[in-house]
Amino acid sequence: MNFVMKAAMGGGPPDVGKMLGGEEKEEDPDAAKKEEERQEALRQQEEERKAKYAKMEAEREGMRQGIRDKYGLKKREEAEAEAAAAAEQPAEGSLTRPKKAVPAGCGDEEEEESIMDQVMKYLPGPLQDMLKK
């Protein structure tokens, strides 16, 4: 009973008054219109914000382009596109190029002997004797 008294006097949860047959809130007939106006205002603010940031970004891009022109730089997208194109082409000496059976100058005994003969010509006599043994 104490609980009912608190509800009647305005204390307690707000739903208790409704349960006891108290006032029910009437819906505002203009609530839908007000909500629609609020949503329209939010959309308008969002459009203004987007326009403001688009303008700021356009100004920044103009400044960036001026710097690129001044220093001869390329746009990041262009530089990345060129790097990707260069990566697609097989490069000489690349680790990813198809391997040959035997590279030139490797494993050919006749060439190795001729190289040793050329080196021996430039060595002093005692070293030549040591290497021949």
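The following is a conversation about a predicted model of a protein chain.

Biologist: What elements make up the protein chain, and in which order do they run?

Modeller: The chain has six helices and zero strands. From the N terminus on, the order is α-α-α-α-α-α.

Biologist: How many of the residues count as buried?

Modeller: Of the 133 residues, 5% count as buried. The accessible surface of the chain is about 12,800 Å², and carbon and sulfur atoms account for 55% of that.

Biologist: Why is arginine 68 called buried?

Modeller: Its relative accessible area is 14%. Buried means under 20%, so arginine 68 is buried. Arginine 68 lies in helix α3.

Biologist: What does arginine 68 touch?

Modeller: Leaving out residues up to four places away in sequence, arginine 68 touches Glu61, Leu73, Lys74 and Lys75. A touch here means heavy atoms within 4.5 Å.

Biologist: What makes glutamate 35 and arginine 38 a salt bridge?

Modeller: Their closest N and O atoms are 2.8 Å apart. The cut-off is 4 Å between a side-chain nitrogen of Lys or Arg and a carboxyl oxygen of Asp or Glu, so glutamate 35 and arginine 38 form a salt bridge.

Biologist: Why are glutamate 35 and arginine 38 about one helical turn apart?

Modeller: Because they are three residues apart in helix α3, about one helical turn separates them.

Biologist: Why are glutamate 35 and arginine 38 called partly exposed?

Modeller: Glutamate 35 has a relative accessible area of 35%, and arginine 38 has 43%.

Biologist: What links glutamate 61 to arginine 64?

Modeller: A salt bridge, with the closest N and O atoms 3.1 Å apart. Glutamate 61 and arginine 64 are three residues apart in helix α3, so about one helical turn separates them. Glutamate 61 is partly exposed at 27% relative accessibility, and arginine 64 is partly exposed at 35%.

Biologist: Which residues are linked in a network of salt bridges?

Modeller: Glu57, Arg60, Glu61, Arg64, Arg68 and Lys75 are linked in this way. The structure holds nine salt bridges.

Biologist: How do you know that the charged end of lysine 52 sits over the ring of tyrosine 53?

Modeller: The charged end of lysine 52 is 5.6 Å from the centre of the tyrosine 53 ring. The distance limit is 6 Å, and the charge must also lie within 35 degrees of the ring normal. The charged end of lysine 52 is listed as sitting over the ring.

Biologist: How many aromatic pairs does a search of the whole structure find?

Modeller: The search finds zero. A pair would need ring centres within 6.5 Å.

Biologist: Which residues make the nonpolar surface patch, and where is leucine 73 placed?

Modeller: Ile67, Tyr71 and Leu73 make the patch, which is about 340 Å². Leucine 73 is in the loop between α3 (31–71) and α4 (76–88).

How values were computed. Residues are numbered from 1 along each chain as its sequence is written. This is a predicted model: local features need pLDDT of at least 70, side-chain atom pairs count only at pLDDT 80 or more; totals for chains, interfaces and linings use all residues. Side-chain values use heavy atoms; hydrogens and water are left out. Patches are made of residues with over 30% relative accessible area and no salt bridge: like charges are joined within 9 Å, nonpolar side chains (Val, Leu, Ile, Met, Phe, Trp, Tyr) within 5 Å. Accessible areas come from the Shrake-Rupley method with a 1.4 Å probe; for residues, only the protein chains shown count as cover. Helices (H or I, at least four residues) and strands (E, at least two) are DSSP runs, numbered from the N terminus. Rings of Phe, Tyr and Trp (its six-membered ring) pair if their centres lie within 6.5 Å; planes under 30 degrees apart count as stacked, over 60 as edge-to-face and the rest as tilted. Buried means under 20% relative accessible area, exposed over 50%, partly exposed in between (1.4 Å probe, protein chains only).
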